[in-house]
Amino acid sequence: MKLYDYQRAPSPRRVRIFLAEKGITVPTVQVDLGAREQNSEAFRAINPDCTVPVLELDDGTRITDAIGICVYVEALQPEPPLMGTDARSKGLVTAWQRWAERDGFYAMMEAFRNSSSGMKDRGIPGPVSYPQIPELAARGRGRLATFFARLDKRLGESRYVAGDRYTIADITALVTVDWTSWIKLGIPDDAAHIRRWHAEVSARPSATA
Ligand SMILES: N[C@@H](CCC(=O)N[C@@H](CS)C(=O)NCC(=O)O)C(=O)O
């Protein structure tokens, strides 16, 4: 297996943390997003979506989506389980993961891509250029405030995002929370439950992946 990666980018970090939790090491190929290598002919042939991560299997199959890769790895190596263990927990983990992605990760993407000078005409990742829309950046920041409030409430009730076990929902939330420092947001001062959880999940060796 081989992982097309970019060390600084949040989407491949989700996969790297997932792999680290499983104790799996995969050789990586760095795709320099800063130099727009993702839009080169060579990389377009690997992933027409022009995004990382991409997991290339030994038979040449390529999985071009972070969660698709995690589903594959979970099936390949179920221990430790990161996507639930039975019908109930699988449903709950999926629901919380999707919530963290939709209301957190995508809100952050909206805020960042529509405001950063390095993302000019890169409002949406992929092969097509989309202009930045400053109103979307402002909306993204507002959505993140809602995300932080909901996450703090949830973590006041529950040790981890999806319940009493560390899961992929924590990975998505952690990557999102860390990413917010890029737009000088970060964890709100009064979010004590997020701080408690963030210290705990950041202390796991996988967090440095
Ligand atoms: N479907 C992909 C999208 C991943 C994605 O958006 N990756 C970003 C890095 S965080 C990317 O490759 N961006 C390339 C660009 O901005 O042109 C997934 O979730 O795995």
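Colleague: What should the 24 residues of helix α5 (residues 134-157) span at 1.5 Å a residue, and how far apart are its end C-alpha atoms?

Modeller: Two conventions come before that. The model is predicted, so local features need pLDDT of at least 70 and side-chain atom pairs count only at pLDDT 80 or more, while totals for chains, interfaces and linings use all residues. Residues are numbered from 1 along each chain as its sequence is written. Helices (H or I, at least four residues) and strands (E, at least two) are DSSP runs, numbered from the N terminus. The expected span of a helix is 1.5 Å times one less than its number of residues. Helix α5 should therefore span 34 Å, and its end C-alpha atoms are 36 Å apart, which agrees.

Colleague: Which residues of α5 are buried, and against which helices do they pack?

Modeller: Burial is a neighbour count: a residue is buried if 20 or more other C-beta atoms lie within 10 Å of its own, exposed if 12 or fewer, and partly exposed in between, with C-beta atoms placed from the backbone. An α-helix has 3.6 residues a turn, so residues three or four places apart point the same way. In α5 the buried positions are Gly 140, Leu 144, Phe 147, Phe 148, Leu 151, Arg 154 and Leu 155. These buried residues pack against α4 (87-113), α6 (168-179) and α7 (192-202). A contact here requires the C-beta atoms of two residues, placed from the backbone, to lie within 7 Å.

Colleague: How many residues has α1, and what does it pack against?

Modeller: Helix α1 has 13 residues and reaches 19 Å from its first C-alpha to its last, close to the expected 18 Å. Its buried residues are Pro 12, Arg 13, Arg 14, Val 15, Arg 16, Ile 17, Phe 18, Leu 19 and Glu 21. They pack against β1 (2-5), α3 (66-76) and α6. Gly 23 follows α1 and has a positive phi, near 75 degrees.

Colleague: How is the protein divided into domains?

Modeller: Domain bounds come from an automatic or database domain assignment. Here they give domain 1 (2-76) and domain 2 (87-208). The C-alpha centres of domain 1 and domain 2 lie 20 Å apart. Across the boundary, 13 residues of domain 1 are in contact with eleven residues of domain 2. Helix α1 (residues 10-22) gives the most to the side of domain 1 that touches domain 2, with seven residues. That side comprises seven nonpolar, two polar and four charged residues. In this classification Ala, Val, Leu, Ile, Met, Phe, Trp, Tyr, Cys and Pro count as nonpolar, Asp, Glu, Lys and Arg as charged, and the others, Gly among them, as polar.

Colleague: Which residues are closest to the ligand?

Modeller: A residue is near a molecule if its C-beta atom, placed from the backbone, lies within 6 Å of it. The ligand is surrounded by 13 residues, and the closest are Ala 9, Ser 11, Thr 51, Ala 66 and Pro 125. The shell divides into eight nonpolar, three polar and two charged residues.

Colleague: What radius of gyration would a compact globule of 209 residues have, and what has the protein?

Modeller: The radius of gyration is taken over C-alpha atoms, and the globule rule is 2.2 Å times the number of residues to the power 0.38. The rule gives a value near 17 Å, and the protein has 17 Å, which agrees. Its C-alpha atoms fill a box of roughly 50 × 40 × 25 Å along the principal axes. Buried residues make up 35% of the 209 residues.

Colleague: Where are the cis peptide bonds, and what is omega in each?

Modeller: One joins Val 52 and Pro 53, with omega about 10 degrees. Pro 53 lies in the loop between α2 and β3 (54-56). Another joins Glu 79 and Pro 80, with omega about -15 degrees. Pro 80 lies in the loop between α3 and α4.

Colleague: Is Lys 184 buried or exposed?

Modeller: Lys 184 counts as exposed because it has 6 C-beta neighbours inside 10 Å. This residue lies in the loop between α6 and α7, and its phi is positive, about 55 degrees, although it is not a glycine.
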